[in-house]
Amino acid sequence: MASSPSFRPVGHPVGGAAAWLGRDLRNTTAWQHTLSAGAVEELAAALAAVQARGLTPPRITREDFPLPRLAATLDGLLSEARDGRGFFLLRGLPAERFDEAEREILFWGIGTHLGRAVSQNAHGQLLGHVFDQGRTHAMANTRGYQTKADLTFHTDRCNLVGLLCQRAAMQGGESSVVSTAAIHDEILRRRPDLLPLLYRGFHYGEREAADNPRGVSAARIPVFSETDGVVSCRFIRRAIDLAETRGVSVTPAEREALDLMTALTEDPDFRLDMMLRPGDMQFCNNYRTAHARTAFEDWPEAPRKRLMVRLWLSFREAWPLAEDFGEHEGIPYRPEAGAAPAPASAG
């Protein structure tokens, strides 16, 4: 493995709008935006235009999907995701008016106004479908979204992750968001001695194509890093734990730091829980927030089973990141991982 970087000095508090607490947002809808009737009609017109041309994702570009008035609103929401709370929920798309294929096009079209789609797996998939594939975490090459188990708080390897609800589960499947900026500041306040360990980072185990034959990242990846005064987070506890099962040692102090980080993500004072309804679209900045999902029980009928559609987006304006931050522009297409890239409609 590559040599570990030296300890970085502990950064300054992040503070500001990014360091929010879930308890403060539960009784407000400030983090939600409801589409107006006019915005829905504008989306319907853009949808009709691409349908008339026979265009479907991922071939649809921002120029193919003009939103003369809604574009300014989306710019404001994107600014909120970059420089404010780090996430937003878009509501008000009438699910009964558009079928699932149309809602997927609308989701993609909105995504073209927020960033550039990047690959979600080693097959180059740009539009992912999240549903229970009957798999478990114990199975090789399984990622959490392919199961009905809970997904603990984590970040994704992209700038902005979008999630469209097509169908809700019979029970469970609640979505949660937490401010990693607030967690950073709480650790700085409560246990500043542990924060340098999180800045130094950890090796990651890979469930898909790995960086080396051992299936462990060659170098440590920081949980927190600071570049140009901007603090960013990457945290996937299950991947860190997986690396330990493959021979990477974790010291007691490092485990204490990870356990505190995990405990704070799950603290009701920090986390914000929400149930996505059909047509809802959630977008989260992976550098300022982490997200999770509770376990769920599905409907017995196939057409009713829980289904989410996911976008990984890259900001058009680069986010300042440390060189050792790890993959953050999606998962590179790796031909050796399988056949040709899967079509966008694949699950």
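**Salt bridges within and across elements**

Asp 241 and Arg 237 sit together in helix H7 (residues 237-245), four residues apart, or about one turn of the helix. In this predicted model, their side chains meet in a salt bridge, with an N to O distance of 3.1 Å. Burial of the two partners is worth a look: Arg 237 is buried at a relative accessible area of 13%, while Asp 241 is partly exposed at 29%. Salt bridges with shared partners also join Glu 186, Arg 189 and Arg 190 into one network.

The side chains of Arg 200 and Glu 254 form a salt bridge at 2.6 Å, N to O. This one links distant parts of the chain, with Arg 200 in helix H6 (residues 195-200) and Glu 254 in helix H8 (residues 252-266), 54 residues apart. Arg 200 counts as buried because its relative accessibility, 15%, falls under the 20% cut-off. Glu 254 is likewise buried, with a relative accessibility of 1%.

A further salt bridge connects the side chains of Arg 157 and Glu 327, at 3.0 Å from N to O. Arg 157 belongs to the loop between strand S5 (151-154) and strand S6 (160-167), and Glu 327 to the segment after strand S15 (307-314), so the pair ties together parts that are 170 residues apart in sequence. Here Arg 157 is buried, at 12% relative accessible area, whereas Glu 327 is partly exposed, at 22%.

Taken over the model, the count comes to 20 salt bridges, including the pairs of Arg 157 with Glu 327, Arg 200 with Glu 254, and Asp 241 with Arg 237.

Notes. Residues are numbered from 1 along each chain as its sequence is written. This is a predicted model: local features need pLDDT of at least 70, side-chain atom pairs count only at pLDDT 80 or more; totals for chains, interfaces and linings use all residues. Side-chain values use heavy atoms; hydrogens and water are left out. A salt bridge is a side-chain nitrogen of Lys or Arg within 4 Å of a carboxyl oxygen of Asp or Glu. Helices (H or I, at least four residues) and strands (E, at least two) are DSSP runs, numbered from the N terminus. Buried means under 20% relative accessible area, exposed over 50%, partly exposed in between (1.4 Å probe, protein chains only).
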